[in-house]
Each structure stands twice: as C-alpha cells, then as structure tokens.
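Subject: Structure handover

Hello,

Here is the structure we talked about. Please open it and keep it in view while you read the notes below.

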Amino acid sequence: MRGVAAGAARRIDAGWRMALAEAGTCPTPRDAARLGGWTAAEVPGTAAGALRRAGLFDPEAPTRLHDNDVFFAAEFFGEGAHVLIFEGLATLCEVWLDDAPILASDSMFHRHEVAVALSGAHRLTLVFRALTKAFSARGRRAKWRTRITPNQGARLVRTTLLGQTPGWHPPVEAVGPWRPIHLLRAEATRAENVRIQSTLAGEDGVLKVSARLVGVRAATLVCGEHRAAMRVEPDGSVSGALTIPNVRPWAPHTQGAPNLYPLALEAGGVALDLGQTGFRSIEILRGADGRDFALRVNGQNIFCRGAVWTNASLIDLPGDAEAYAPWLRLARDAGMNMIRISGIMTYESRAFFETCDQLGLLVWSDFMFANFDYPMADAGFAASCQREAEDFLGETQGCPSLAVLCGGSEMRQQAVMMGLPFASVSLPLTESLLPEVAALLRPDAAYVENSPSGGVLPFSPSEGVAHYYGVGAYQRPLEDARRANVRFAAECLAFANVPQQATLDAHLPKIPPHHPRWKAAVPRDNSASWDFEDISEFYLRELFALDPARLRREDVARWLDFSRATSVEVMEATFAEWRRVGSSCNGALVWTLQDFMPGAGWGVIDSTGLPKPAYYGLKRAFRPRQIVVSDEGGDGLRLHIINESAQPLRARVELVLLKDGRQPVIRRETAVELPPRGARALWAVEMIGAFFDTSYAYRFGPPGHDAAVARLIDAATGATLAEAFHFPLRRAFATTPIAFEGRLAQDGSEWRLELQAPALLRFVHIDCPGFMPEDDWFHLAPGALRTIRLSARAGAGEPQAEISALNSSFRLRLSA
C-alpha cells in the first residue's frame, strides 16, 4: 500500500471460498455454512471468475449472478488493533467478522476502512446480496428512460453497467470483492488523505503535498534528489512544497518522454512511499469561436488519438499492472497517445494509471455515470456520488497520465434524443458536484461536463466533444469525416472488426458468419434493427463494389479478408482526413480498444490479446512523423507532411504515379524541412510541374494511372518514415497471379521478414504463427524492399510464414 510503513499491511488474499445461495435464504454466515457447492476463489476477484475456474461458468451462457446471494469466506490471523481496508465490493455487501456484522456497503465504487480488535484466528465473510430486487425498486420518477439497459432501476444502484447492456457484451454480472482487501496494524506509521499536485510552471516543476500522519507528527517531503520539511497545520495535517528547477517534464510518448520522479515522505525514520509523479500542464482550448475542443499539454497542442478502454477481463475485472500492461503496451506501440475509460465501464485501479504514466499515455476518464437521469435530489444518493468521486480521485493522486476528467457518458444526449426540450435538461451531478470534487482533488486535470457535449445539440460533431458515427453506424460516405467538421471525437468508428484467422480457428472453428455463435460476438444497439456487421458490410460494398451477401455465401474466406480490409481502409482513410493540414479535428478515439469475447467485436485488439487487421491500419495512421494524401477534386492530390516530434525533420518527399500497378508514369521528389511540431502541405501538381489529373477529377478518358504512392524519406539515413497510397478508382479490384519474393532473416534473437514485388500488392497479410509482425494488411509498392520485424510470442519456435495479398492469387510460404 502507498503511504504505509513497509510490513505494516498485508493482503487477505489466501484461502478464500465462494458459494451461491437462493436470494434471501441465508440471512447470516452461519446459515451459509450449511450450503453445498463451495468452491475456491481468488480475492481480489469475482464470483464469475471463481465459477469459471471451477468449470461452472460459461461466458457464452453465463449464470445470472444478480438473482442470487453470493458468499465469500476466508480465515485469517491477527492480534491486537487493526484496520480492515476494502478497496471495492460489488455491490450490495454485508461484511461479517466471525458472527458479527461490521460493514454494509451499497456502492461498488466506495472504499471502506473498519477498525477491528483481533485475538488470533478469525473468519471474514462477505455477503453480496442479489441486485434483482434493487433494480426493480422505484425511486423518484426519471425525466427520461434509457435504452442502453432494460434495468431502469440501475440508475439507483451504484454499480457498473458492464453485464447489463444487451448486444454489447455477454451478460457477465460483476459480483464480489473485485478490489484488494488489506489488514493494517492500527498503530502503523502511515500517511492518510494524501493530496498531491505536481504541475509545470515554465521550466520548473512545482510540487505540493499534504497528508494526515498516523504514528508521527512531522515529515520531510522527498522528490528525487529534492527535499523540503513539511509544515504542521493547525488541524494536525502536514503540508509541504517543492520547486524543481529545469525539471524533465512528463509528456505523452508521441510528443516527448514520460519522465517520472519518485515521491516519498520521511517520517519518524520511516520512508512512506507515495509512488511516482510527473510534471506537466493541461489546458483545453475552445478556439476563437468557443466551439473548438483541443488539448494542450506542456504548451503544445496535441492531436489525441487512441481508443476507448473496455476491461482487461470481463470475467475477473482485474486491477493489477500485470493484467493491464499487455493491452496498454499494444496501444502505445500502435502510436496511440490517449485511452478513454467510458462511463459504462468501471473505474480502473491506480495500477492502470501508473502503467499509463510509464508508457506515456494520456487518460481521459469518465466518472461512472452514463445515460440515466440520476436522482440527485436524494441527499443520500448525492452524498454517495460525492464519496465515489473522492475515492477515485484520491486513488489517482500524483498520476500525470490522468489528463481529462469527464462527468459521464451520453446523459444529456440521451435526454435530448428522447425528445426533452434543451432547456429542461439539468444535470447537477456533472454541472456542479463532480467538477467541484475534481477542482479540489485533481485541479491539474481538465474537466469536461459530459461526453458528448457542446453546441445547440449536445452531440453535434462540429462543436466541442462528439461521439462521431457519421462514418460508421450512420452509413455516411467517407467524405463525411471532412463534411462533419469534427472538433474532437471522444468515440468514433465502431465496426464489427473481424479478427485474424488464427483467433477464429482457435475459438470459432468452422463457425460460419451469421451462425448464432458468430452473431453472439457481433455487437448491436439494444433497440436497433441492425448490428455492426451490417455497418461493416455497407462499407465493404462502397469501397470494393462487391455484394457482401453473395461473397459471404460463395467464398467465406474471401468475405472474411475483404471484411478485414474494410476496417483497415476506413480507419486509415478517416484518420488521414482528420490529421491533414487544415483539418478541424484535434483528436479522435476509436470505439473500442479490445473485445470482450472472441469474434467480430468492436475492439481493434481481440479478446486473446492479438491485434486485429484494424489495429495495423490505426498504427500506420498514428505515426508521429507522417505523410497522408488527400483528394481535393479538381485541385488534384495534396500531400500532407506531419512532424509531431520534438526534433526538426529533414526529409525527402517522393511521389510516384503507377500504371497497371507496375510502371511509373511520373516520379518526382522534393526536399522538405519541418520544425518540431510542424506540418506542411504540398500540391502534387506543383511537384509534377505540369497538368496531370492526379485525382481523376476531369475524367478526360481513362485514368492515366491507377495508384499514387507518396513516401516520406529521412534525408540523413534514406529510411522510409511513412508511406501513403491513393487509388483514383478505389473500387477497381482485380485479382491476378502477382508472384512476389521474400525471405526470413535473423539478427541474433530477432527475426525479420523481407518482401519485394514486381507490381503493387494491396492488403498484404503475414500469417506467422507464434510471431507478431510490426505491420500487417499493408500495401506494398513495386520494386521497394520492405522489411518487417517479427516479435516472438510466448512459446514460439522458428518462424514459418505464409504471405498473401488481396489482389494476388499467389501465396508465398517461407520457413526459417
């Protein structure tokens, strides 16, 4: 535990058992002791996790846990005065020490401390009462109803909406001690109510820390090599401040280094570890018209890109760094610099934010409120919400990754879409209570009232924060990404993203699309007559002029590949639009980062942790040093060069127009220099020096080329930093036997794949069991040697690869 003397606290995490009981049949632990069906359980953990490990829980047809009372029990030993600390209990929970009740909790999101006197061996029993009755309770009438869940009573119970949103994920209900339980010696030296403010002022870091000390009266604040005596305040608390000159600021990894400093209090000869902190500044810019939304970090505007987090495991709801790290490293490696935690999920633990601190990922965290009209006139409910916010923000003290706090998700949007007049929608929770708590406990983070918000319609994409699904659920053409004038999309681009074939082979073997088991993994909105596979198929038809239903019937393998290519194409094209010079967009977060179950879910990473094809499209779209091509109609193609790094960029821009995918009809090159954080646009016709219909806008006969390739090449090393492709006839897609070459090579323990082709290859796919390629589902220009590093996964032997491309019937098989 942070702020506690070493050895003074321990987890109660061994010897736990769990059992289910019919609701109301076991009033006390003694009644439950007679239950059969006790099984081993892990704490922290959930009932679903314990049952699954015992082979008693099927995620595809889960047990309805909210219909039962759930008992967790364990024995532990202790002598003398102690404090039991419960980090999270989901949700209506009674805690019994031996045969005496010591705590009743009615919120999944509260932290509890209970003083106890121990005298040897004791039994701790947690009784989680069925939520079904609580969901049917009637509170003050809501001004609007939500369609996100059939449990309208969920607005009265402070628990997660995970497991309660039909069509989004399996109904796996959160029950159990999902966060750790600690036993702390009452007399132990410790710091409580710790408040940390670490900000950037010019080139200096400014640190302010306050705390209430137990066991000692005085302390010294230590940050790295800097120290300051803390002042004892009239109320007995201590406070201290430090200014660190020429501090190394914390920055998102796309803009700099995520520098961190160790932080501790020295008190009574004991070091109280407070973790690490970083120094940065955060601002929201609204623009001259007040309609904009942009994030400025350390005085630099940031194009925020990333995805919405779901959970490291819907079954277990883990909160440790080992569970978070694989997902967040993949996000960082894809060039993402922001992760959003939506209000329909759960608060993540401090370990989540510490992992993001280390990786250089900004975090946008909603408070866990979504869609409902919450009963804020109920003083008890309002007090519970305030305590919830205080507990969460207390847990994140000092974490620089927490950049944006948001009151919740789609509450104002839900009300307006249900027909309420704009002026009648008042949200005291997000308009006053939550911002007041945020200003007190995390004044260094920006606050947003709701997501989406801004404009006459609170969900207008052209103002403030949007949930943009013009390209996506609303089936608008790709050009809508520009037409909508998106300022900032806190979520966007939801598709049924098909995973790699290896995942389907392992988890959905021989299950055809449209089979009930296939469709179970395809998300849908609860009240919609369509699902997100319908959306993906709409864009498959638009992009490739193919009938997806016929393709699915006649050639399932090819339907799967074109579905994968659709996700890749839409992701890359949309972000190319949003990142071009002159775009109104300041950031966008894809819905979602990871899936809850194997299949064609929203995630760009599948539930096994394997990147989907869509992930690679985003990885290319998110490069800090980037080139993109935009089609400007009669003005032709425009090349946009972006340098987000802190270093100047000296490079060459090469433009090649290809005929029949092989023959260069035009090749031009020009030198460019960009300052740090700089961008520049070039017209293709300027580079060519004469008229050429690069966008095929004038239609004077057949096009003079069928592909344009733009490259950004480092002037010093000659390395290709980024490539962009444009196809004047996007829909034209012939398949021919283009034979290409490749080889596997090894540098020490590292493997790489080298590829070269005589003609343009589209959507090159690398199937290499046991290895993860650094790029996949990419286009390969003719003649260019492309090297792709291969990262070995656990248990991998020597690589064996099969390489294919959507426009070639040829397959290349390579062995080490």
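A salt bridge is counted where a side-chain nitrogen of Lys or Arg lies within 4 Å of a carboxyl oxygen of Asp or Glu. Two points on sources come before the findings. This is a predicted model, in which local features need pLDDT of at least 70 and side-chain atom pairs count only at pLDDT 80 or more, while totals for chains, interfaces and linings use all residues. Residues are numbered from 1 along each chain as its sequence is written, and side-chain values use heavy atoms, with hydrogens and water left out.

Salt bridges

Side chains of opposite charge can pair when their charged atoms come close. By the rule above, the count comes to 57 salt bridges.

One of them joins Arg667 to Glu654, with the closest N and O atoms 3.6 Å apart. Arg667 lies in strand S31 (residues 663-674) and Glu654 in strand S30 (residues 649-659), so the pair ties together parts that are 13 residues apart in sequence. Strands here are DSSP runs of E with at least two residues, numbered from the N terminus. To describe how open a residue is, buried means under 20% relative accessible area, exposed means over 50%, and partly exposed is in between (1.4 Å probe, protein chains only). Glu654 is buried, with a relative accessible area of 10%, whereas Arg667 is partly exposed at 45%.

A second salt bridge links Glu802 and Arg813, where the closest N and O atoms are 2.8 Å apart. Because Glu802 lies in strand S41 (residues 800-805) and Arg813 in strand S42 (residues 808-815), this pair ties together parts that are 11 residues apart in sequence. Glu802 is partly exposed at 21% relative accessibility, and Arg813 is exposed at 57%.

Arg332 forms a salt bridge with Asp333, and their closest N and O atoms are 2.7 Å apart. Arg332 counts as partly exposed, with 25% relative accessibility; Asp333 is also partly exposed, at 40%. Elsewhere, a network of salt bridges links Arg482, Glu577, Arg580 and Glu632.

Sheets

Strands of a sheet pair through backbone hydrogen bonds, either parallel or antiparallel. Two strands are taken to pair if DSSP finds at least two bridges between them.

Which order do the strands of the parallel open sheet follow? Its eight strands run S24-S23-S22-S21-S20-S27-S26-S25. S24 and S25 are the edge strands, each pairing on one side only. On average, neighbouring strands of this sheet are turned by 25 degrees against each other, direction ignored. (For such angles, axes are lines fitted to C-alpha atoms, for helices over the stretch in contact, and the angles run from 0 to 180 degrees between N-to-C directions.) Within the sheet, strand S26 (residues 488-492) and strand S27 (residues 587-590) are joined in parallel by two bridges. There, Ala489 stands opposite Ala588 in S27.

Another open sheet has four strands in the order S35-S36-S40-S38, with antiparallel pairing. Its edge strands are S35 (741-747) and S38 (771-773), and each pairs on one side only. The twist from one strand to the next averages 30 degrees. S35 and strand S36 (residues 750-756) run antiparallel and are joined by seven bridges. Leu744 stands opposite Leu753 in S36.

A hairpin

Strand S33 (residues 707-714) pairs with S34 in the antiparallel sense over six bridges. Val709 stands opposite Phe725 in S34. Five residues lie between the two strands of this hairpin, where Gly718 takes a positive phi near 75 degrees.

Surface

Phe422, Val456 and Leu457 form a nonpolar patch on the surface, with about 290 Å² of accessible area together. Patches are made of residues with over 30% relative accessible area and no salt bridge, with like charges joined within 9 Å and nonpolar side chains (Val, Leu, Ile, Met, Phe, Trp, Tyr) within 5 Å. Accessible areas come from the Shrake-Rupley method with a 1.4 Å probe, and for residues only the protein chains shown count as cover. Val456 sits in the loop between strand S24 (446-448) and strand S25 (465-468), and is exposed at 64% relative accessible area.

Regards
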